[in-house]
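Good morning, everyone, and thank you for coming. Please look at the structure on the screen while I talk through a few of its details.

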Amino acid sequence: MFYVDTQRTITRRDSSLITTARISPDRDSLLTVRGNSSAHFGSDPGHQRTARPKGSVQKEVVTFLFESMLRHIVVSWEVIEPEKPNSEIDKTISEVTIFSVKKKGKEPAKTTKPKINMTKSGSVPTVEPAAYVPWWSGPDERAVIRFKNGNLYEGNISMKCMHGEGRFQWADGTVYLGQFKNNVMVGKGMIQWKDDTWYEGEFACNLRHGHGLYVDSRKQGSYVGGWHLGTKHGVGALRYPGRGPNTYDGQWDHNIRHGVGSREYGHDSGYNGDWDAYTREGKGLMIWPNHDLYSGDWRNNVMSGFGVYIWDLYFINSMSMPSLNMYRGEWHKGKRHGYGVLNFGYGLGSHYKGEFKDNLKHGTGKLVTNTGRTIRHKALFIDDNLGPHESDNEIEQHRYAQTLRSTHPKPPHIQKTIDFNLSDSSIDLIYHVHQALKNIDREAEIRAGIIANFIENNKYYLELNTSVKRKDETPEESHLNIEDLITFEETSLRKALRCYETELRDIYYIYAKICNTKDIYFTPSLIRLYLWQLYYDCKIHEKGLTLVQIDNIFFNSPEWMSRSPHDPFEKIHFWQFQHSLITVASKLYAKTTFPGPKPDTILASAFRTFMDKDVLPGSVCHKGHLVNGPGSYVPLKALYALYRSLGEPHTIRTFLCAALRPHHDVEHPQPPMVEAPDECLPIGRNNYVYDNDMIFTPEGDNIKGFPDKDLIRTKLNDTELKLFNFGNLSCKMIVKIFGRIFPNVFENNHVLNLDVQITFYEFFEVFISCAEESIRLKEEQLKDATVQTIFKPLENWYDLKY
């Protein structure tokens, strides 16, 4: 529903203002009033003639004709005398010359003005000038004019026209107070109608023109903005009549919403975007009362084109990434139609990529569950109904099984179809088992002997845990092989995950909101930056494993669907979180040899060791700057851009080269440190608003953001040295700071390795530590300089005395 107000303009019915052209004496609404004229048509022989200015004869003729019909318009003309500079205190009323058209015999009062002569008819007075004027001119004065139609004017008069400041009142009670020019409302003024509506702003040609405020006091409606000849035009804000928020703020085209603007329909709904004659057309963002949001293309007031739709939106304002129910794709006439991506926010990572038809999933697509299992088919959905299809993980298992059969032939069998359950909470662990076997299988010629020895030692336990037997085998042909070993390892690892399932979920959600100082009321998702914090708390660096190595292993597995290997703001779902922990446990504690006669496993034992020894104790104590303050108010996006400018990932050596110049390089000395003004320093917080993108929100009046780059460049000749503000730190000090994170880099005052790659998390920790150390050194230098200034005279006095 659209709301269109009927804005009032000054018309012939509302106003008696008209122009002086084509004067008609029989119109009561005539406003062009003129009084007595001081024009002199004679000539003084004794006065020297001069050339008449252009248009003076026309003015004389117009004035003469106007004076001849003044009796039909004006009831009275009262000239307001200016106050005398030295007037007496008891005289409070100005001297006024009054002339009444009705009372012909009354003589005007004596004033200091030029003498007024009355004609015999008493219709129009004439004024004889004190001195001869060679061409037409009219005196400037203030007067009170009463018209026969009931209108009243009080204000400045120039050449018998309303000119300057004045007050005009219509017979119906409408009042205008403002500026006039030649009987026309021009300039700034205020008009108030009898129905309690008023306007204050600019006028032109008796109409609202320019910038002004219109208020309807009874209906509580208002408009402030641009006007053009009485219509809303340009940029302005309109508050529609009624209670509650009902406004429009944007562009107008002659009383029509057209262009870019924001429309507020209530407390919880609104639209911000493009308009075309009251119709949403183009790019725009819409929020409904049920907290649904759409941002994208609009055609004829409906969603058409590409857009993003979010269900059950809520204001986040925290550093935790939300789990959103969102569709991103093509729309047609308000329905999902074409290719799109549908995220099931409450499924912790489950989503659908594929085709839609009339708002339903239909056609080719790919479905990913909350456990990482995928189903891909040319006809995956038919009218929103899912058919039985084989998942990608099962296909990979079949391919790997065929590879094993090539080295260990066995009778063919029929693979049992695995029932696919969308609510299944288990994840696929075959990949980890394969990687563990690759680490053990160093020599292919002894592989069969090792496996046979292991199977013989654990035959009884393996037979008990073998859950699937091939249907095409007889009991005599049944024997254990490599697939039984994989099944045993997978089953043991799955049981270990279930043992720690409660602890893992608690750790996941704790680190998903680790940088928040206030409680949140939504389900958060972990990001890679917070996962790095967990590994740092677990002292992964002390065990010789870096975050870059962990990221590379995680990204190399396409089944885990990582979009980027080192993006700190990428979402990590719970099933991806489990895979990452198993990968780290395998690298740190997995055995490189098969266990002995005692039943044991390779991965399950490693995972249990990693959880008991590192994860559970480390997740209690949070270390570093990210979770202890700077992570909240340091602009992470801007700092990440600085990190990427050095390379992603880059080494410790690259960091040093970006901060310091070699001491022996005389041609390129270390540039001086730059002091940024306080008003340029960013003051605010990092948070998510409604989307999956962290932003930096300035607080208060600080909206300037970061120091001026041009100012810094003028003080720095070589812009390649991007961390030059750490120039007061020595190379050894920076390496020591890196040594706090990487113990294997610096030991016993000797540098071991500067080619270690660092992620953004390690860059952030070192950057903040270097900044704190640089400030500390600077304060110590200032303190030492102050002490020397105070005690230097005492030392000189002591030397002179003794």
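How are helix 10 and helix 11 oriented to each other, roughly perpendicular or roughly parallel? Before I answer, please keep in mind that this is a predicted model, in which local features need pLDDT of at least 70 and side-chain atom pairs count only at pLDDT 80 or more, while totals for chains, interfaces and linings use all residues. Residues are numbered from 1 along each chain as its sequence is written, and side-chain values use heavy atoms, with hydrogens and water left out.

The axes of helix 10 (residues 574-589) and helix 11 come within 8 Å and cross at roughly 100 degrees; axes here are lines fitted to C-alpha atoms, for helices over the stretch in contact, with angles running from 0 to 180 degrees between N-to-C directions, and helices are DSSP runs of H or I with at least four residues, numbered from the N terminus. The two helices, helix 10 and helix 11, are therefore roughly perpendicular to each other, a term that covers 65 to 115 degrees. Among the residues that make this contact (heavy atoms within 4.5 Å) are Leu581 and Tyr589 of helix 10, together with Phe607 and Lys613 of helix 11.

His625 is buried, with a relative accessible area of 16%, where buried means under 20% relative accessible area, with a 1.4 Å probe and protein chains only. Leaving aside residues up to four places away in sequence, His625 touches Pro630, Gly631, Phe764, Glu765, Ile768, Ser769 and Glu772.

How values were computed. Buried means under 20% relative accessible area, exposed over 50%, partly exposed in between (1.4 Å probe, protein chains only). Angles under 35 degrees count as roughly parallel, over 145 as roughly antiparallel, 65 to 115 as roughly perpendicular and the rest as oblique.
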